[in-house]
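Please walk through this protein with me, starting with its disulfides and going on to its pockets.

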Amino acid sequence: MGLTMGLNMLLLLAMVATNILSLYHLSSTLQSKPTPPPAPVPDHLRHQLNTIRATLTHLTRLRSTTTTTSSSSSSSSSATPSDLLLYTHLAPIASSCRDNPDLLHTYMTYNPFSLCPDDSHLAESLILRGCHPLPRRRCFARTSSKLPSSLPSDPFSPLPDSAVLWTKYSCKSFSCFDGGLGFNMKLESSRFTSSRSNLDLSIPQLLLIAKNASSVIRIGLDVGGGTGTFAAKMKPYNVTVVSTTMSQGAPYNEATALRGLVPLHTPLQQRLPLFDGVMDLVRCGRAVNRWIPTVAMEFLFFDVDRVLRGGGYLWLDHFFSKGADLQKVYMPVIGKLGYKKVKWTVANKTDSSGVKNGEVYLTALLQKPVSR
């Protein structure tokens with residue numbers, strides 16, 4: 001559209017210039033004496049007129065080409081999935097969705113009122129690119145036909161392989177995954193029960209700290225909660241915890257739900273889907289670490305502050321970074337919250353990556369001021 005307006009302006013200016021030169025030549029002819037024959041048009045004026053005529057012809061052709069191109073663009077826009085066009089009239093589309101048009105068009109290309117494509121991996125890719133919330137679709141989601149008839153009485157009982165659609169994962173059973181990923185229920189059952197080092201904070205310790213501070217923990221959020229083990233461990237203490245988790249490469253959401261827990265399919269870079277000041281506790285596990293850009297981490301921490309009530313707790317559980325960055329970068333970021341340091345423990349990260357990069361762990365329990 002901008003190019004068309006520019007061409008119109010050039011055409012207008014060229015026509016004005018032509019008229020001015022013609023008037024100039026006519027006036028000079030009228031003002032001369034009638035007896036002598038009219039003087040020939042000067043060569044420089046003739047050259048300018050010819051140049052203007054050629055320019056007008058070129059601009060006219062260019063305008064025609066632009067109009068044709070615009071018509072072609074309009075025709076190509078008709079290739080946008082019909083349900084995507086329909087949905088844009090119902091709700092706004094996140095700007096990051098528009099930044100990934102190919103993925104978005106593929107995701108929204110389906111047959112309405114029929115079975116949805118088997119493309120949850122595509123949804124994950126869009127969400128991780130910031131396209132969240134995803135546009136809604138009018139199709140039937142694929143689910144396993146062999147779901148358990150009831151929730152497990154023990155959230156640490158083995159997970160049923162038959163309850164998951166494995167087509168989108170390289171592994172085809174829970175036993176295929178490494179034990180550290182959270183799918184080995186025998187290993188998960190021992191977590192949060194006791195402290196093996198100063199970096200650990202057990203649930204009994206956490207609840208005792210809150211009790212001694214005349215505080216209470218009733219509901220909480222586990223950011224990057226994996227398969228929901230922290231939420232499962234808090235259940236016997238009558239504390240309800242919901243977990244944010246993604247299913248990138250492994251069925252984390254499915255496993256969390258199979259354990260009778262609530263998974264929130266929310267990426268770290270998006271606003272927490274909770275109201276202001278309603279949480280007693282927010283735990284950030286190892287998903288929150290130095291790989292998150294500093295500014296994005298600031299927004300995350302202040303969003304955590306938004307959902308925490310006055311006197312609530314932020315628990316950074318094994319946050320890792322380079323040792324120098326912890327002092328220069330992350331301590332100032334955390335310090336901006338103005339929280340009380342209830343626990344603050346730093347220790348070397350002793351695995352191969354930690355030794356190579358000079359990384360450290362931080363476990364911190366921070367309490368939000370009751371009032372500002």
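A search of the whole structure, which is a predicted model, finds three disulfides. If the bonded cysteines of the protein are numbered in sequence order, the pairing reads 1-3, 2-4, 5-6.

Start with Cys97 and Cys131, whose sulfur atoms are 1.9 Å apart. The link of Cys97 and Cys131 is right-handed, with 95 degrees about the S-S bond. Both of these cysteines, Cys97 and Cys131, are buried.

Next come Cys116 and Cys139, which form a disulfide with sulfur atoms 1.9 Å apart. Cys116 sits in the loop between α5 (101-108) and α6, while Cys139 sits in the loop between α6 and α7, and the two are 23 residues apart. Their link is right-handed, with 95 degrees about the S-S bond. Cys116 and Cys139 are buried.

The remaining pair to describe is Cys171 and Cys176, joined with an S to S distance of 2.0 Å. The torsion about the S-S bond of Cys171 and Cys176 is about -55 degrees, so this disulfide is left-handed. Cys176 has a relative accessible area of 42%, so it counts as partly exposed. Another cysteine, Cys284, has 2% relative accessibility and therefore counts as buried.

Now turn to the pockets. Rolling a probe the size of a water molecule over the atoms shows where empty space is left. The largest pocket has a volume of about 1300 Å³. Its lining consists of 46 residues, and Arg191, Gly224, Gly285, Arg286 and Ala287 lie nearest its centre. The elements giving two or more residues to this lining are α7 (185-188), α9 (229-234), α11 (294-307) and β5 (308-322). The largest share, four residues, comes from β5. By type, the lining of the largest pocket divides into 17 nonpolar, 21 polar and eight charged residues.

The second largest pocket holds about 880 Å³ of space. Its lining has 37 residues, with Ser120, Ala141, Arg142, Lys168 and Glu254 nearest the centre. Which elements each supply at least two residues of this lining? They are α6 (120-128) and α10 (252-258). Of the elements, α6 gives the most, with six residues. The lining of the second largest pocket divides into 18 nonpolar, eleven polar and eight charged residues.

Definitions and conventions. Residues numbered from 1 in each chain as written. Predicted model: local features only at pLDDT ≥ 70, side-chain atom pairs only at ≥ 80, totals over all residues. Heavy atoms only, no water. 1 Å grid on protein atoms, 1.4 Å probe; cavity = no way out; pocket = protein on both sides within 12 Å on 5 of 7 lines; lining within 4 Å. Points joined across faces, edges and corners; volume = space filled by probe spheres on them. Nonpolar A, V, L, I, M, F, W, Y, C, P; charged D, E, K, R; others polar. Disulfide = S-S within 2.5 Å. Buried < 20%, exposed > 50% of the residue type's maximum accessible area, 1.4 Å probe, protein only.
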